[in-house]
Amino acid sequence: MLLGRRETTARRPWRISAKLLIISSIVTVIGFSAICVNVMLDMRRGEEALARQTLENLATSIDADISRNIDIYDLSLKAVASNMLLPEINTVSRPIRQLILFDHSTTAKHFGAIQVFDASGNLTIDASTLDPQPENRADEEYFRAHRDNPDVGLFISRPMLFRGAYSIVLSRRLSGTDGGFVGVVAGSIRFSYFHELFERLSLDLEDTITVLKRDRTIMMRRPFDLDIIGKNLGTQQDWKSENLRAGGSYAGRGPVDPTPRLYVRSSGSGPLFVVAGKPLRVVFALWQREALRIGAVVLMLSLFVLGSAIVLAREISRRADAENRLEEMATTDALTGLRNRRKFDQVIDTEWRRAMRQKTQVALLMIDADHFKAYNDTFGHQAGDQVLVGIAICISDSVRRAGDCAARYGGEEFAVLLPNISATEAFKIAETIRAKVLGWSDGGAGSTVSCGVASLTPTAGMDWAVLVAAADKALYAAKAGGRNQSVVASLPKLSLVA
């Protein structure tokens, strides 16, 4: 006895030390992991901030270049619009008129010649020639915009094929001395300007530069794709403009392609804005390598607890499986495989409360095998069991919704709970079950079923026993009416309708 006590006393400190060692080791690993995670998150935020700043500078510089050229070209449009109001403009010769209108106009290889259209959309003056060819632009978006709205100001069209080259058209309204519409002065900036601008930049292959109007129409994009140019992002259901506000950034899948990127939008106030994007895998490439290296070290430190965790997980899994099997056994009828009465009572109580909250209907079918006792007495219990199994299979084949509950209610009686279904729909299901049992019966089982159908919308203070009683009453009426039929209970008076 004394020796046993001493052995117990000798073993006790070891057990306490083992527990302390395990606890202190776990705390150490968790603490070290937390520090590493914090460091790695700081590194990740740093990489993202650096990439965001780079993209912001890129977007701002491109935005500034585009805005400057648009402003310069717009000055030429304003000068032409102003000179068109001079009284003597229509009295001078064509060469003199060209000098007056276009002497101070901006010229560059990417800028199209300025044109003047009258109130009907006919081309009257062209900066590139004294004898312009007949041309009418009355149906163009920019012409209609100025004609219908005197306050448009500078209008930038959608990307279009203009005078043989893909361009964006810049236009201004020509108004008479009385403010009336007298025409439009228009010019263009060719896509070659954007191509040349983007080529000057040092960009990775998957980096994107997108130029958009304020209504989020894509004016130009690098990499270039004509199928994307002119697309309006405002019509996309899976993309919200709040994702990327002026001067802001967004990380994730963009509206054009599925590649996750870091996007930064310029903060300029011009008619166009720029969005620069870089793939997230490129942004975080260095960080990912560091994360893998540090993660491997942390993993090595954590391996010593992996074995015990696996053992515990297996034991928990076994216990969970055992509990699931017990639960299945406790809620399933062993003969038919349907839910048993206990499970049915739980389900109908839950669905009844839900229907009461949502003010929806609940339908119930009460199904009973006709002449089952006589059949059982004639052919034996095993044959009777086969009939019950066959009826259960017919019920399962007819009831397929996830929320429906088919159960063996007791003996040869079955119950089918059908949430959110009217009496008419429930009657169709009952007839389907009855017809399947009848068809199976013709194969040799020699059995039919009678069905009672009830459906109602629960109200406060009403118990689901009312629904069961109504379906039972309908079932009795079906049997009294000759069996092998379905009867619907009319509520609330519970009068019966075959």
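Reader: Which residue stands opposite Val211, and in which strand?

Author: Happy to start there: in this predicted model, Val211 has Met220 of S8 across from it. That pair belongs to strand S7, residues 208-213, which runs antiparallel to S8 with four bridges between them.

Reader: And what is the strand order of the open sheet?

Author: Reading across, the five strands come as S8-S7-S11-S10-S9, with antiparallel pairing. Strand S8 (218-222) and strand S9 (249-253) form the edges, each pairing on one side only. On average, neighbouring strands are turned by 20 degrees against each other, direction ignored.

Reader: Which helix packs on the sheet?

Author: Helix H4, residues 191-199, touches S7 and S8, and its direction makes about 35 degrees with that of S8.

Reader: Now the charges, please. How should I read a salt bridge?

Author: The general idea is that side chains of opposite charge can pair when their charged atoms come close. This structure holds 24 salt bridges. Take Arg221 and Asp257, whose closest N and O atoms are 2.9 Å apart. The pair links distant parts of the chain: Arg221 sits in strand S8, while Asp257 is in the loop between S9 and strand S10 (260-265), 36 residues apart.

Reader: Is Arg221 buried or exposed?

Author: Arg221 counts as buried because its relative accessible area is 5%, under the 20% cut-off. Asp257, at 17%, is buried too.

Reader: Where do Asp349 and Arg353 lie?

Author: Both are in helix H8 (residues 341-358), four residues apart, or about one turn of the helix. Asp349 is partly exposed, with a relative accessible area of 26%.

Terms used:
Residues are numbered from 1 along each chain as its sequence is written. This is a predicted model: local features need pLDDT of at least 70, side-chain atom pairs count only at pLDDT 80 or more; totals for chains, interfaces and linings use all residues. Side-chain values use heavy atoms; hydrogens and water are left out. Two strands pair if DSSP finds at least two bridges between them. Helices (H or I, at least four residues) and strands (E, at least two) are DSSP runs, numbered from the N terminus. Axes are lines fitted to C-alpha atoms, for helices over the stretch in contact, and angles run from 0 to 180 degrees between N-to-C directions. Contact means heavy atoms within 4.5 Å. A salt bridge is a side-chain nitrogen of Lys or Arg within 4 Å of a carboxyl oxygen of Asp or Glu. Buried means under 20% relative accessible area, exposed over 50%, partly exposed in between (1.4 Å probe, protein chains only).
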